[in-house]
Structures are given as structure tokens and as C-alpha cells.
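Please read it with the sequence and the coordinates at hand.

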Amino acid sequence: PDGRTLYAARGGNFAPGESATWTAYRIGRGGLTELNSAAAGGVGPTHGMIDRRGRFLVTTNFSSNEVVAIRLGRDGRLGEIASRIISASQPSGPPPPPGTPLPPLPAACRTLQRTADDQCRTKPHIALFSPRENWVVVAEIATDLISTYRFDRKSGALTLHDVAHGQEG
């Protein structure tokens, strides 16, 4: 929100053992200065959005099928993971430890020629805050889902609220 911090995601889409991180940079007249890096909480972070108060970065981890909220410090530094849940269309149960990759996807899942029976898992691809920031909406590809999560603006907790099925494709 202050316009002086840039966040960049890195790593983990399809390379086994590749660690995924977010890095915070201070934007200055002389360029970028790295503030810190922190684990993305999973593999393949794709999109991040900061709440208006600058307290949380909400992101999706494409390859490990997660939605994550990361706490931010007053100076923009990345803090601990406040909430980490498996995306709405995944089997229920406890999430794996942070950074645990899922088995590799079939080759067909890495192309645009997917079919309904090719064993591709859904992929949370973008997380957006609602205007009042009490909801996070996540678009998931491969299953054409839009998932809505309650977002606790104080704690960063995410709770699944509802799943809508979009038009196929």
C-alpha cells in the first residue's frame, strides 16, 4: 500500500526439490534493496495480493494446490504463514507439511490440451480480495472452479465458504 515495497515469487513449479519463496524488496531511487525472503508455504506460487493495510500477502501455490496467507511486518518484510489450506477441490484431510510437493502431473497436464479424464488436479491460479477484504476469491483451472474463502483481517485465517462451478474450459 505504501508503494515502496515489491514482492516477487520464485520457484517450484515442476522442478523436484526446487524451493519456493517470496522475496520482499524496498523500492528506492537507486533501485531495489532486498528486505528478506520467506518460504511460500508450498510449491509454485503464482499470484500474490496484499491487503490495503499491508498486513498480509495472500497467494496461491499452483503446484501444491494451496491457498496461503503470509503475515507482513510494518516495514514490508515477510513474516510467518498465518494460514495455509489445500484448495477447495482437493480431498479433505490435514494439509501436508509446508513445501511438500505432490507427485508429478502427467505430461498432458502441462499443456493446454487437457481432458476431463487425464488425471490433472485442479490448480489454484489467482487469489483476489473482495472490496471489503473479508473474502478471498480463488480461480482454479483444470476443474473450472471459483472458490470463496472467508478472510479474517486480524489473524489472516482463511476458511472455505463456497465453491462455484464455472463453464467448462
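Glu 133 sits in the loop that links strand S8 (123–129) to strand S9 (135–141), where strands are DSSP runs of E with at least two residues, numbered from the N terminus. The model is a predicted one, in which local features need pLDDT of at least 70 and side-chain atom pairs count only at pLDDT 80 or more, while totals for chains, interfaces and linings use all residues. Residues are numbered from 1 along each chain as its sequence is written, and side-chain values use heavy atoms, with hydrogens and water left out.

**Surroundings of Glu 133**
- Glu 133 is buried because its relative accessible area is 7%, and the term buried applies under 20%, exposed over 50% and partly exposed in between (1.4 Å probe, protein chains only).
- The side chain of Glu 133 comes to 2.8 Å from the backbone nitrogen of Arg 52.
- When residues up to four places away in sequence are not counted, Glu 133 touches Ile 50, Asp 51, Arg 52, Phe 151 and Arg 153, a contact being heavy atoms within 4.5 Å.

- Met 49 belongs to strand S4 (residues 45–50) and is classed as partly exposed because its relative accessibility is 28%.
- Although 79 residues separate Met 49 from Leu 128 in sequence, their C-alpha atoms are 6.5 Å apart in space.
- Apart from neighbours within four places in sequence, Met 49 is in contact with Phe 56, Leu 57, Val 58, Ala 127, Leu 128 and Phe 129.

**Nonpolar surface patch**
- Leu 6, Ile 27 and Leu 32 together form a nonpolar patch on the surface, with about 250 Å² of accessible area, as given by the Shrake-Rupley method with a 1.4 Å probe, for which only the protein chains shown count as cover for residues.
- Such patches take residues with over 30% relative accessible area and no salt bridge, joining nonpolar side chains (Val, Leu, Ile, Met, Phe, Trp, Tyr) within 5 Å and like charges within 9 Å; a salt bridge is a side-chain nitrogen of Lys or Arg within 4 Å of a carboxyl oxygen of Asp or Glu.

**The protein as a whole**
- The secondary structure comprises 0 helices and 11 strands.
- Of the 169 residues in the protein, 38% are buried.
- Among contacts with a separation of 6 or more, 40% join residues 24 or more positions apart.
- The protein exposes about 9400 Å², of which carbon and sulfur atoms supply 54%.

How values were computed:
Helices (H or I, at least four residues) and strands (E, at least two) are DSSP runs, numbered from the N terminus. A polar contact is a pair of N or O atoms within 3.5 Å; within protein, one must be able to donate a hydrogen and the other to accept it, and residues adjacent in sequence count only if both atoms are side-chain atoms.
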